[in-house]
Amino acid sequence: MSSSSQENSLDQNKKDEKDKKNIQISIDPQIAKGTYSNLMINNFSSDEFILDFALLQPTIPAATINSRVILTPKNAKKLMMLLQENIKKYESKVGPINLDSSPGSISMSFN
């Protein structure tokens, strides 16, 4: 490979790295409102993790899924690590999160 080709390749790599760091993100106002969930169902295959979020009301014995997030296994692991890190930060500021099943609490559902 010539010196000129190597320089062009290096310049392209720097440009690709810069492009990856400058992602423009927008959010639809309806999505920005968020959706409350107190029940999660997790399923997975060899290619993806499927997280279904629902609202289960105490007086109604049924729940309807109101949001579904599908992740690659790699991104599911990144999400787990991000949540672990943020839970540590939260607990250091606010205090431990109690996992007791007190009256009215609804357990999360996992595979």
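This is a predicted model: local features need pLDDT of at least 70, side-chain atom pairs count only at pLDDT 80 or more; totals for chains, interfaces and linings use all residues.

Modeller: Helices (H or I, at least four residues) and strands (E, at least two) are DSSP runs, numbered from the N terminus. Residues are numbered from 1 along each chain as its sequence is written, and side-chain values use heavy atoms, with hydrogens and water left out.

Colleague: What is the order of the strands in the open sheet, and with which kind of pairing?

Modeller: As a general idea, strands of a sheet pair through backbone hydrogen bonds, either parallel or antiparallel. Here two strands are called paired if DSSP finds at least two bridges between them. The open sheet has three strands in the order E1-E2-E3, with antiparallel pairing. Strand E1 (39-44) and strand E3 (63-71) stand at the edges with a single partner strand each, so one side of each is left without a neighbour in the sheet. Neighbouring strands of this sheet are turned by 20 degrees against each other on average, direction ignored, where axes are lines fitted to C-alpha atoms, for helices over the stretch in contact, and angles run from 0 to 180 degrees between N-to-C directions.

Colleague: How many bridges join E2 to E3, and how many bridges pair E1 with E2?

Modeller: Eight bridges join E2 to E3, and leucine 56 has alanine 63 in E3 as its bridge partner. These two strands form a hairpin with six residues between them. E1 pairs with strand E2 (residues 49-56) over six bridges, and methionine 40 has phenylalanine 53 in E2 as its bridge partner. Helix H3 (residues 73-94) packs on the sheet, touching E2 and E3, and its direction makes about 110 degrees with that of E3; contact here means heavy atoms within 4.5 Å.

Colleague: Is aspartate 52 buried or exposed, and which residues does aspartate 52 touch?

Modeller: Buried means under 20% relative accessible area, exposed over 50%, and partly exposed in between (1.4 Å probe, protein chains only). Aspartate 52 has 4% relative accessibility and therefore counts as buried. Leaving aside residues up to four places away in sequence, aspartate 52 touches Leu39, Met40, Ile41, Ile65, Ser67 and Arg68.

Colleague: How many salt bridges does a search of the whole structure find?

Modeller: A salt bridge is a side-chain nitrogen of Lys or Arg within 4 Å of a carboxyl oxygen of Asp or Glu, and the search of the whole structure finds two. In one of them, the side chains of aspartate 52 and arginine 68 meet at 2.6 Å, N to O. That pair links distant parts of the chain, with aspartate 52 in strand E2 and arginine 68 in strand E3, 16 residues apart. Arginine 68 is exposed, with a relative accessible area of 52%. A salt bridge also joins the side chains of lysine 89 and glutamate 85 (3.3 Å, N to O). Because lysine 89 and glutamate 85 are four residues apart in helix H3, they are separated by about one helical turn. Lysine 89 is partly exposed at 44%, and glutamate 85 is partly exposed at 42%.
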